[in-house]
Amino acid sequence: MQELQEARGPEGSVDFQTNDTRVNLCWPMMETVNLDETSAQAGEVMPDHYSAYLMGVVLMSVMEYGYHHSPSNRPIKGIEGAAQEVLYVPGDGSSDTQVTRSNGIISCEERFGKGPHTSGNRNAGYPTKTVNQH
């Protein structure tokens, strides 16, 4: 988690090299089942990029509620879970989800009995750009 926090900004260990308000930074990878029957890893759980699943959540949110509703706190479909443990403790500012949110990174949270949900809605411009300035 410390490395992820330090990733933001030009002095970071993993500089994302953008503060564009049209870019969403996502963490962690998601686990999904490989459905490619021709692959040697068919049926195995493997890591996949969160961004594709986040876009699915965004599109469903827009279709169901309209573009003006946040895609945060919505279920993530088509995954087994996060590829890395993400600590979610409601009201705890030091939990992984709160730390990622405060650094402008969209994460996920495992809700008891409800499965993984999106967590956060900031873009790469946060915290210097908090309003879309196009």
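**Figure 1. Strand β5 holds Ser-107.** Helices (H or I, at least four residues) and strands (E, at least two) are DSSP runs, numbered from the N terminus. The model is predicted: local features need pLDDT of at least 70, side-chain atom pairs count only at pLDDT 80 or more, and totals for chains, interfaces and linings use all residues. Residues are numbered from 1 along each chain as its sequence is written, and side-chain values use heavy atoms, with hydrogens and water left out. Ser-107 is buried, at a relative accessible area of 0% (buried: under 20%, 1.4 Å probe, protein chains only). Leaving aside residues up to four places away in sequence, Ser-107 touches Trp-27, Pro-28, Tyr-50, Val-86, Thr-100, His-117, Thr-118 and Ser-119 (contact: heavy atoms within 4.5 Å).

**Figure 2. The protein chain has 3 helices and 6 strands.** Along the sequence, these elements run α-β-β-β-α-β-α-β-β. Of the 134 residues in the chain, 34% are buried. Take the contacts between residues at least 6 apart in sequence: 54% of them join residues at least 24 apart. The chain exposes about 8400 Å² (Shrake-Rupley method, 1.4 Å probe). Carbon and sulfur atoms supply 51% of that area.

**Figure 3. The largest nonpolar core contains 14 residues.** Such a core is a set of buried Ala, Val, Leu, Ile, Met, Phe, Trp, Tyr and Cys residues joined through side-chain atoms within 4.5 Å. Met-30, Tyr-50, Tyr-53, Ile-76, Ile-79 and Cys-108 touch the most other members. Helix α2 gives the most, with 4 residues.

**Figure 4. Tyr-53 and its contacts.** Tyr-53 touches Met-30, Ile-76 and Ile-79, among others. The contacts of Tyr-53 also include Thr-32, Asp-48, Lys-77 and Gly-78. Residues up to four places away in sequence are not counted for Tyr-53.

**Figure 5. The largest pocket holds about 270 Å³ of space.** A pocket is an open set of points on a 1 Å grid over the protein atoms alone, where a 1.4 Å probe fits, with protein on both sides within 12 Å along at least five of seven lines. The volume is the space filled by probe spheres set on the points. The pocket is lined by 14 residues (an atom within 4 Å of a point). Closest to its centre are Val-58, His-69, Ser-70, Pro-71 and Asn-121.

**Figure 6. Helix α2 (residues 50–65) gives the largest share of the pocket lining.** Its share is 5 residues. By type, the lining of the largest pocket divides into 7 nonpolar, 6 polar and 1 charged. Here Ala, Val, Leu, Ile, Met, Phe, Trp, Tyr, Cys and Pro count as nonpolar, Asp, Glu, Lys and Arg as charged, and the others, Gly among them, as polar.

Terms used:
Buried < 20%, exposed > 50% of the residue type's maximum accessible area, 1.4 Å probe, protein only.
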